[in-house]
Amino acid sequence: MEAAGVSNATDDGFYEATARQRVAALLDKGSFHEILPPAQRVVSPHLKELDLPVAFDDGIVIGEGRLDGRKVFVAAQEPAFMGGSVGEVHGAKLTGLLDRAARDRPDGVVLLLDTGGVRLHEANAGLIAISEIQRAVFRARAAAVPVIAVSAGSNGCFGGIGIVARCCDYVVMTEEGRLSVSGPEVIESQKGVEEFDARDRALVWRTMGGKHRYLIGEADGLVQDSAARIRAAVLPWLGTPVPLDLDSLTQEHARLALRLEQFGDAQDALEIWSRQGVKAPQDLPGLDHEAFMNIAVPLRNSSHA
Amino acid sequence: MTQAFPKKSTRQWNTLATNQASRLQRARSISLNKVVAATDTVALLEAVLEPLDRVCVEGNNQKHADFLSQCLAKVDPARVHGLHIVQSNIALSAHLDIFEKKIARKLDFCYSGDQGIRLAKLVKQDLVEIGAIHTYLELYSRYFVDLTPRVSLIAAQSADADGNLYTGPNTEDTPAVVEGTAFKNGIVIAQVNEIVDKIPRIDVPGDWVSFVVQAPKAHYIEPIFTRDPALITEIQILMAMMVIKGLYAPYEVSRLNHGIGFDTAAIELILPTFGESLGLREKVCQYMSVNPCPTLIPAIESGFVKGIHCAGSELGMEDYVAGRPDVFFIGHDGSMRSNRAFCQLAGHYADLFIGSTLQIDLEGNSSTATLNRIAGFGGAPNFGSDARGRRHGSKPWLKAGQESARVLGSTMPRGRKLVVQMVETFREKMQPTFVERLDAWQLMEDFRLDLPPVMIYGDDVTHLVTEEGIAHLHRCATAREREQAIRGVAGYTAAGMARDRREVENLRDRGIIQRPEDLGIDPRLATRSLLAAKSIKDLVQWSGGLYNPPKRFRNW
Amino acid sequence: MEHLEYEFGPWESAKTGGAGATVIAGVVGSGNLEVLIEHCASNGQMRVSVDTSIAGFAQTWQAVMADFAERQRFGNVQLTINDAGATPAVVSLRLSQAAEQWRLQA
Amino acid sequence: MHESLALCGKLFPQGHDVAIEGSLLHGTGKTPGGDIAVLGTLDRAAIGVDLASALASRVLDIVRSHPGRPIVMLVDTQGQMLSRRDELLGNAGYLAHLSKCFELARQRGHRLVSVVYGEAVSGGFLALGMIADQVYALADAKIRVMALPAMSRITLIPIERLEQLCRSSPIFGPGVVNYVKLGALNAVWEGDLAQCLDKAMGSPLEDDQRAARGLQLAGRMQAHPVRQMVLDASK
């Protein structure tokens, strides 16, 4: 029955799962070993000072585990704790994990991102932490450890972490995931509702949601919201680092320049999709995953090859 | 004694008709046709309105005569003043601007929602004189008694040149308003989104309508009944499980009305999962009087809900409703026909009402009143009260009646409506739901109302459902027992902690209080995985793509 | 923030996991909380330590925790709670989820 | 003369050919130690897809044409471009690409030094400035994540409280002094800027030492030890 399909498809999804549930669902059963677990109480001193609740893990779960038997390091941001935002401790845990990966060389590091970016309550420390994470991503990559970013959560992946995600080897998203630097609310509050109506969520998603990001080449994979599918998307990338060298960056530069040339004057995603050759762009957001991929994959292959 | 009959009446019996004629005559200087230009609307209103007129500005839950309302606020107070406003909803700022400008003076209404705080201020400043705060059915009734409008400003989707109106799926209050006005020689002015050669169906015949204005912008519609399943909590799911297993199943509740909130949405969303597992399909929840709430889609699709009559529509549900004509009431044009008066009546005579509230006292009286705000009632009091005029039998009605009669010692067999209040013991920010004294009392004093604004009276309530359990209040023999039954499900609120523990255990032994475990429900199994739809997107999928949610609810 | 501490018991030591066994349930999000359960040497007491964002509900917490303690009777155990405004309904649910996990570790 | 070019004059008294192209600044400066590539932004530039792409293009040119030549970033940015169009096109990808190009340069032996001479704000500073091995700021430069009033609005912390916290902790408030204490700036440059640059060019190249410096200066006490604890954790 159609009905059963509906609920099963989202049963093991990431969208509304906690960080711990996501890690457990991603990794081989029972294989996760947490680093700095809650009992160690490595919490934010700044939130305490502001008289705000702290979390035992400062909103990020990090550790080692196995994915289909292969050794991986994992970090998962907790969406409910301060919007998954990056504070000093939170950031240092992630930086440490990436440096540990650069040293121990697992088959990959998987970052389950779900964040608005800098934790404003720790403003400067948060921003610097993100810069440190970015540098640590590059160190892991230099050690040939692939870093894989996943954006499938309700907060999306915003601010500096949006930039960090695109510094990784691979990005995989779900349709519900979002990836951007500035969030719609920030743009609206600074530039006005005419520039970006943050309440128009259809506009938000076709501007920064998974489908659009996949179509224009900002995401390497697009999967349905299910732990099994995210796992399946990540698996082939383990042990397969993307070179970060002059050739690869020259190619990336050409792709990005071409995107500006082709779509730089487009007013809306619908216009971009139409120029990409989508026949009924207005229908794309409503298409189910399979129908969307049937259209998107051939287009992507021809335009980002 | 002999009665002296007058030989022949010398009195004039058609003053209303003559007055109507002179109003129409004055309007001829503005327009010779029924169709009036939008730019002439203020002049039209000044021509047809007279000081002290009773006026209805159609404001429903969904559809608003917003353009006409704004025009009314622009008339010259020297010409038009002291109006007596008789309308169900005070929802737009223009609805209150006319009081500030002294165009209007007196107000009889039902519900004020977001404008409640401003309304309270205007009352304090003596700019609004409140006649009474009604329920919907009361106010509609008074249109046919002593509050008949002289002029009604209504809203419709489209009109033809003869003034025939198509309301679209949001017919809502229109029939009641127009019927009262048109058949008492009043003036009916309709704002429409478009004027067409042929309207899809006639909801209001043209000869009941005096004037038609095409508004510059389509009338405002608010999606107020859309509840995003993503926001439903485990506690709400736990309570929904108790309602289904502890009330719907044993009473076999088939005809009912759901309030509009996340609590009842949780019930709707676990019918296809939890309800199905209990084998309740085709046994419970078959006929409802409620707006087409998107959270009902899975229950309809999975075969629980068979028939729904609606007070109004809901934005985005138009195609879905049109695609399920066996379930909804549909015009020959394919779109829904709603009618708030009939829906309220249908709900009044249903077997069960369930809804949520903000405060409950120890007699079981409940109120959604908040200090410094005059919010009014809307439809809940008529849904949530025993229909004492009811005579036909049904299993739940007779069972509840029997249970009540037993404690009252009455020998006359009689039924009773199930009236259920479903609340968490604390609301957000640790506001207790159970209180010794309702804020409604304070509100009565502050605004010198006739009565505390109680939404549902305690003696109408048969059941309370909280996360702690179900209290079968109608089975309590004494006031003292009833109070302990209420305290017994009031959790850790001060009212709950002041319970007599032994007495509460005693009530539990008698089944008057039931805990989740008494119903065979493990609270830890109350998870979101029970929801047939966990997101708006899931609802779209259930609807086969027919539900088109407003943009603000999307995440794709 | 308000800091609260309670002790209940004494009861027999909970037979579960190793010395380092811990359980975490819930998250610190609006209207929610996280609770950490650990062993501790407390002469059979169940120790409870709460940091809550809504001050003024010490009595309510006392009642909720006393009911929980009486139901579970975990001796030599420390419960630490970071609360972001959870209602007693949510507190009780999270605690019972944590207690269930704690038993499963046995 | 534009302040950015005046700055180049002070940094490179032996001469430079730095030129302005829109919001972008590029060229070469002469120093006793050899030529230095100069790349930067001006007039509080907001960095969007176009500017990021243009900057990246220059970095790749330097890597191709002048292997190992040090790069000095002159930073004046109000942050990433806040626009729907730039996000539509994927500003994250463009800013990341710019970062990757700098990273490539670093890996191929180019020393990266940045000098904040105007403003440096959030996402813009991340992609241009903080990516360097050494980051300096002029004393009157302005560095921040967000202005205090906006921060107060979003965090719901009263501004008086934020101001009070700023006095006791470098975490909250804007300013170059705070960023030095937090370890994010190597130093504030004053006086003879050519000398400052010369000194920077002569200092040993080391890996990311910001967290360690933050600890040393008691500005950021957690970042370094927490990272270390993660590295030291047993398996």
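A residue counts as buried if 20 or more other C-beta atoms, placed from the backbone, lie within 10 Å of its own, as exposed if 12 or fewer do, and as partly exposed in between. This is a predicted model, in which local features need pLDDT of at least 70, side-chain atom pairs count only at pLDDT 80 or more, and totals for chains, interfaces and linings use all residues. Residues are numbered from 1 along each chain as its sequence is written, and chains are lettered from A in the order in which they are written.

Select Arg105(A). Arg105(A) is partly exposed, with 14 other C-beta atoms within 10 Å. Its phi is positive, about 50 degrees, although it is not a glycine. It lies in the loop between α4 (88-104) and β4 (108-113) of chain A; helices (H or I, at least four residues) and strands (E, at least two) are DSSP runs, numbered from the N terminus.

Next, go to Asp58(A), in the loop between α3 (45-49) and β2 (60-67) of chain A. Asp58(A) also is not a glycine and has a positive phi of about 50 degrees. This residue is buried, with 29 other C-beta atoms within 10 Å.

Stay in chain A and select helix α8 (residues 201-208). Seven of its eight residues are buried, so the helix is largely enclosed by the rest of the structure. Among the buried ones are Leu203(A), Trp205(A) and Met208(A). The cover over the buried residues of α8(A) includes α12 (269-276) of chain A and α3 (84-89) of chain D.

Finish in chain C, at Gly9(C) and Pro10(C), which are joined by a cis peptide bond with omega about 5 degrees. Pro10(C) sits in the loop between β1 (2-8) and β2 (22-25) of chain C.

Notes. Contact = placed C-beta atoms within 7 Å.
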